Amino acid sequence: MPDSTVRIGLVLPDVMGTYGDGGNALILRQRLRMRGYDAEIVEITLNDPVPESLDVYTLGGAEDSAQRLATRHLAKYPGLQKAAERGAPVLAICAAIQVLGNWYETSSGERVEGVSMLDVTTSPQATRSIGEVITTPRMDGLTQPLTGFENHRGGTTLGADARGLARVTHGVGNGVGDGLEGVVQGSVIGTYMHGPALARNPELADLLLKRALGVDELAPLDLPEVAQLRRERLRV
Ligand code: GLN
């Protein structure tokens, strides 16, 4: 019998996991289990090659030095790139947008080649962007405002193959003056929103899960705690 367990890749939590971004994998697992699916988190550390066979992947934010280590590892073991090519959903938070892009410049001005899964480039901005973000999504399948907490110096410019995830209504977002937040390209969704983002934005969590499972609909999950959190965060 085929193994029906949904496998969630938590990619490099040892170097990329600021602000509890590993919580995104927990949210995915919990929303699956509450609906009766078997689900497990597979942690991929700097000691492991990156498997290409998982159902959905999440990557968190990082400080500049830690994200350099992650970039080198993902370039050496291209399992994430192969998984995205076959359409596996990938959620990339903050520094992960930069790492998955074409290149990024660190705060000290060093340019680092990314793994080119996203057609974006990132350069440090004059000031660090810190605080709450609220946005209006521009992506099919998302209808509710997205909220999160941002803390980044990098500003991300989208190339021709990348689209913005959302339009900023409060906060900074990608930070290069186009009013956009995040990036969508193929099966990869990137956002500067910590939170963790999927705790605050259940619609985004379910969009990733629908893609991971290959289904159009999921049983509704009406959780009062999540509704309360959303009300609080939309009142900034
Ligand atoms: N080091 C990156 C920056 O400052 C990303 C920060 C983060 O992931 N929170 O832009």
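**Group meeting: a hairpin, a helix and a ligand shell**

Okay, let's start with a turn. Strands E11 and E12 make a hairpin, with 2 residues between them, and Gly 186 in that turn has a positive phi of about 55°. Keep in mind that this is a predicted model.

If you want a spot to look at, Val 183 stands opposite Gly 190 in E12.

Strand E4, residues 90–93, pairs with E12 in the parallel sense, over 4 bridges. There, Leu 91 stands opposite Ile 189.

Now look at the side chains. In a regular strand they alternate between the two faces of the sheet. Here's E12, residues 188–191: Val 188 and Gly 190 point one way, Ile 189 and Thr 191 point the other way, and all are buried.

Which residues of H2 are buried? Gln 67, Ala 70, Thr 71, His 73 and Leu 74. They cover an arc of only 170° around the axis, which means they sit on the same side of H2. Over on the other side, Ser 65 and Lys 76 are exposed. And what do the buried ones pack against? Helix H3 (79–85), helix H4 (95–100) and strand E6 (111–113).

H2 also brings us to the ligand. Helix H2 (64–76) and strand E8 (146–158) each supply at least two residues of the shell around it. E8 gives the most, with 4 residues. The residues surrounding the ligand include Asp 64, Gln 67, Asn 151, His 152, Arg 153 and Gly 154. By class, the shell has 3 nonpolar, 6 polar and 3 charged residues.

Last one: Ala 219, in the loop between helix H6 (202–213) and helix H7 (224–233). Buried or exposed? Ala 219 has 8 other C-beta atoms within 10 Å, and a residue counts as exposed at 12 or fewer, so Ala 219 is exposed. From its C-alpha atom to that of Asp 206, 13 residues apart along the chain, the separation is 9.9 Å.

That's my tour, thanks!

Technical notes
Residues are numbered from 1 along each chain as its sequence is written. This is a predicted model: local features need pLDDT of at least 70, side-chain atom pairs count only at pLDDT 80 or more; totals for chains, interfaces and linings use all residues. A residue is near a molecule or strand if its C-beta atom, placed from the backbone, lies within 6 Å of it. Ala, Val, Leu, Ile, Met, Phe, Trp, Tyr, Cys and Pro count as nonpolar, Asp, Glu, Lys and Arg as charged, and the others, Gly among them, as polar. A residue is buried if 20 or more other C-beta atoms lie within 10 Å of its own, exposed if 12 or fewer, and partly exposed in between; C-beta atoms are placed from the backbone. The arc is that of the directions from the helix axis to the C-beta atoms. Two residues are in contact if their C-beta atoms, placed from the backbone, lie within 7 Å. Two strands pair if DSSP finds at least two bridges between them.
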